[in-house]
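Here is a short report for a first look at this structure.

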Amino acid sequence: MDIRDFWKYVFKQDRAMLKTFFADDAVIRWHCTDEEFTVDEYIEATCEYSGIYEGHIERIDVDGEKVTVAAQVFPVEKTSSSHVVSFMTIKDDKIVALDEYWSHDVNAPDFRRTLNIGKQIQSPTRAV
């Protein structure tokens, strides 16, 4: 299974192609919103999200059946962006479990800016 292809279809919100990456009984969990989905529900949630999106993978780590992906997703207008960390379990070339943590990208909180600590990550791919 090519993880980059999976993410290409997530960015394109392509229902038919996304379904091909999952085992029929796969379980998908979005922990930040306390939701668990079937494959069909995950595809509906992903593909019905308003707007047209693009993004890029920042990192992929593979350890046997376990795959971890960090990616950035943003509307084509680049008016906002989110980062997602995905923990996948893959068996027989299909995703059987997908645990994701989504977060909107925001500025550092005022208290850290007031302390004058940290600095902005210098990344040419950061959308906003």
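The largest nonpolar core of this predicted model holds 28 residues. Phe6, Trp7, Phe22, Tyr42 and Met88 have the most contacts inside this core. Seven elements each supply at least two of its residues: α1 (3–12), β1 (22–30), α3 (39–47), β3 (53–63), β4 (66–75), β5 (82–91) and β6 (94–104). Helix α1 gives the most, with six residues.

**Around tryptophan 7**

What does tryptophan 7 touch, beyond its neighbours within four places in sequence? Its contacts there are Ile57, Val69, Ala71, Val73, Val84, Ser86, Met88 and Glu100.

Valine 84 is found in strand β5. Serine 82 has its place in strand β5 too. Is each of them buried or exposed? Buried means under 20% relative accessible area. Serine 82 has 11% relative accessibility, so serine 82 counts as buried. Valine 84 has a relative accessible area of 1%, so valine 84 is buried as well.

The table gives the contacts of each, leaving aside residues up to four places away in sequence.

| Residue | Relative accessible area | Contacts |
|---|---|---|
| Serine 82 | 11% | Ala71, Gln72, Val73, Trp102, Ser103, His104, Asp105 |
| Valine 84 | 1% | Trp7, Val69, Ala70, Ala71, Glu100, Tyr101, Trp102 |

Ala71 and Trp102 are among the contacts of serine 82. Ala71 and Trp102 are also among those of valine 84. Serine 82 has a polar link besides: its side chain makes a polar contact with the side chain of histidine 104, at 3.2 Å.

**The whole chain**

Now step back to the fold. The protein chain has four helices and six strands. From the N terminus on, they run α-α-β-β-α-β-β-β-β-α. The C-alpha atoms fill a box of roughly 50 × 30 × 30 Å along the principal axes.

Of the 128 residues, 34% count as buried. Among contacts with a separation of 6 or more, 44% join residues 24 or more positions apart.

**Surface and charge**

The accessible surface comes to about 8,300 Å². Carbon and sulfur atoms account for 50% of that surface. The chain carries 15 positive and 24 negative side chains. The centres of these two sets lie 7 Å apart.

Note on methods. Residues are numbered from 1 along each chain as its sequence is written. This is a predicted model: local features need pLDDT of at least 70, side-chain atom pairs count only at pLDDT 80 or more; totals for chains, interfaces and linings use all residues. Side-chain values use heavy atoms; hydrogens and water are left out. Buried means under 20% relative accessible area, exposed over 50%, partly exposed in between (1.4 Å probe, protein chains only). Contact means heavy atoms within 4.5 Å. Accessible areas come from the Shrake-Rupley method with a 1.4 Å probe; for residues, only the protein chains shown count as cover. Lys and Arg count as positive and Asp and Glu as negative; His and the chain ends are not counted. The place of a charge is taken as NZ of Lys, CZ of Arg, CG of Asp or CD of Glu. A nonpolar core is a set of buried Ala, Val, Leu, Ile, Met, Phe, Trp, Tyr and Cys residues joined through side-chain atoms within 4.5 Å. A polar contact is a pair of N or O atoms within 3.5 Å; within protein, one must be able to donate a hydrogen and the other to accept it, and residues adjacent in sequence count only if both atoms are side-chain atoms.
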